[in-house]
Amino acid sequence: MADFNQLVILDAIRRSASGLSRVELALSTGLSAQTVTNITRRLFASGFIAEAGKESFGPGKPRTILRLHPPALYAVGVHLDPTVTTALLVDLAGEPMLERRMMTPLGQDPELAIDALVAMVEGLLSESAVDRARVTGMGLAAPGPIDPLAGALVDPPHLPGWHSVPLRDELSQRLGLVTLLEKDVAAATAAELWVGTPAAATGSFVFLYLGTGIGAGLAVGHEVLRGSLGNAGEIGHIVVEPDGAQCWCGLRGCVAVTCTPDAIVRDAIAERVLEPLVEPHNTVLVDAAFTRLAARATDGDDAARAVIDRAAERFARALAVIANLLDLDRIVIGGPAWERVAERFMTIVPAELDRMRAARSIHPVLIEGTTLGNAVAAKGAASLVLDRWLSPRTESLLLPVPGA
């Protein structure tokens with residue numbers, strides 16, 4: 001119970017942008033003033049919180065404000081995307097201290113990719129000069145499906161060489177860091193809960209992830225909903241274009257073959273807006289072509305803009321299915337591909353979504369782009385490590401049943 005109460009205090013301080021006094025902590029947590037004093041004394045002595053000046057709250061003695069002490073603890077976050085791999089180091093407040101990126105041309109060969117990942121993280125930690133003892137672990141965000149029990153990637157669609165690769169344990173052993181494996185869209189959703197947009201501050205929203213693939217993450221009451229085995233959020237087979245391209249699932253016009261960067265680039269090539277690619281299935285070349293198309297649309301090229309606008313309309317149809325199913329009032333959109341098409345998508349998607357929403361006459365939906373940039377999944381992976389260490393969980397209060 002003492003450990004749980006300590007996490008309650010630490011979590012309350014973390015969630016307050018301006019810090020809290022001991023009196024405010026007692027009021028917000030329901031703990032006694034003496035308990036709050038004892039806990040904050042321990043946290044202060046351990047270096048996890050620091051005094052941040054005094055503030056007056058009417059008559060009486062000014063109160064000391066307590067805030068997190070960010071250098072007390074660090075976490076590594078890695079996002080393994082079929083196109084770009086990102087690694088970063090965050091402090092206790094979830095703020096990135098250092099970031100590294102590399103293209104993922106080795107993605108089809110797990111052994112080479114793991115070697116590159118290990119070298120990348122080791123280089124990140126060495127460059128940061130952070131005391132390794134203060135690094136509490138590493139979070140790894142990867143495309144699904146994943147097997148959270150085995151810590152493995154299980155045949156991700158855009159990483160065909162990865163069949164049941166035990167990535168979590170391999171990285172943990174080689175780096176000497178406790179490692180958590182999470183689906184990329186769930187990690188991105190976790191990042192929004194920690195340090196994200198105003199829309200995410202309520203703790204209940206949907207995160208639409210646009211990267212090499214597309215997924216959806218759902219947060220309810222400041223918790224990410226993961227499903228029975230961590231693979232919730234697969235929306236790739238929502239049909240948004242019945243006469244569209246054939247999908248490997250057997251249907252036509254699925255999100256996976258109409259709304260992804262690869263699908264958008266294929267449309268642009270078919271309409272001669274872009275030149276054909278030398279290697280059509282090379283994710284790095286596809287990403288570069290997607291960047292060129294988006295830049296041309298931003299510069300006012302009507303043909304390029306028409307291709308991206310059609311993708312935005314399809315995206316809105318998928319979002320309407322999710323919004324109607326869950327009766328959403330808050331949506332955040334982000335991912336590695338998002339910033340390049342954000343301007344056009346935000347011009348098209350809100351109006352299209354509102355047109356198709358069943359509850360449009362009852363309440364509005366707030367749609368925002370993430371403020372966390374292209375590295376949102378890597379930030380989320382690191383946030384998950386901090387969340388596991390810092391957030392109070394009621395299951396920790398359960399006592400084992402004798403003889404069980």
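Asn5 lies in helix H1, which spans residues 2-15; helices here are DSSP runs of H or I with at least four residues, strands are runs of E with at least two, and both are numbered from the N terminus. The model is predicted, so local features need pLDDT of at least 70 and side-chain atom pairs count only at pLDDT 80 or more, while totals for chains, interfaces and linings use all residues. Residues are numbered from 1 along each chain as its sequence is written, and side-chain values use heavy atoms, with hydrogens and water left out.

Is Asn5 buried or exposed? Asn5 counts as buried because its relative accessibility is 15%; buried means under 20% relative accessible area, exposed over 50%, and partly exposed in between, with a 1.4 Å probe and protein chains only. Leaving aside neighbours within four places in sequence, Asn5 is in contact (heavy atoms within 4.5 Å) with Leu31 and Ile39.

Next comes the sheet. Five strands form an open sheet in the order E14-E13-E12-E15-E16, with mixed pairing; two strands pair if DSSP finds at least two bridges between them. Strand E14 (223-225) and strand E16 (366-369) are the edges, each pairing on one side only. From one strand to the next, the twist averages 25°.

Strand E13 (residues 214-220) runs antiparallel to E14, and three bridges join them. Leu218 stands opposite Leu225 in E14. E15 and E16, in turn, pair in the parallel sense over four bridges, and Ile333 stands opposite Gly369 in E16. The chain crosses from E15 through H10 to E16 in a right-handed β-α-β crossover: with the strands pointing away from the viewer, the path from the first strand over the helix to the second runs clockwise.

Helix H10 (residues 338-356) lies across strand E12 (205-210), strand E15 (330-334) and E16, and runs at about 170° to E16. Such angles run from 0 to 180 degrees between N-to-C directions, with axes fitted to C-alpha atoms, for helices over the stretch in contact.

In soluble globular proteins, nonpolar side chains tend to be buried together. A nonpolar core is a set of buried Ala, Val, Leu, Ile, Met, Phe, Trp, Tyr and Cys residues joined through side-chain atoms within 4.5 Å. The largest one here has 47 residues, of which Leu208, Leu293, Ile331 and Phe345 touch the most other members. Elements giving two or more residues to this core include E12, E13, E15 and H10. H9 gives the most, with twelve residues.
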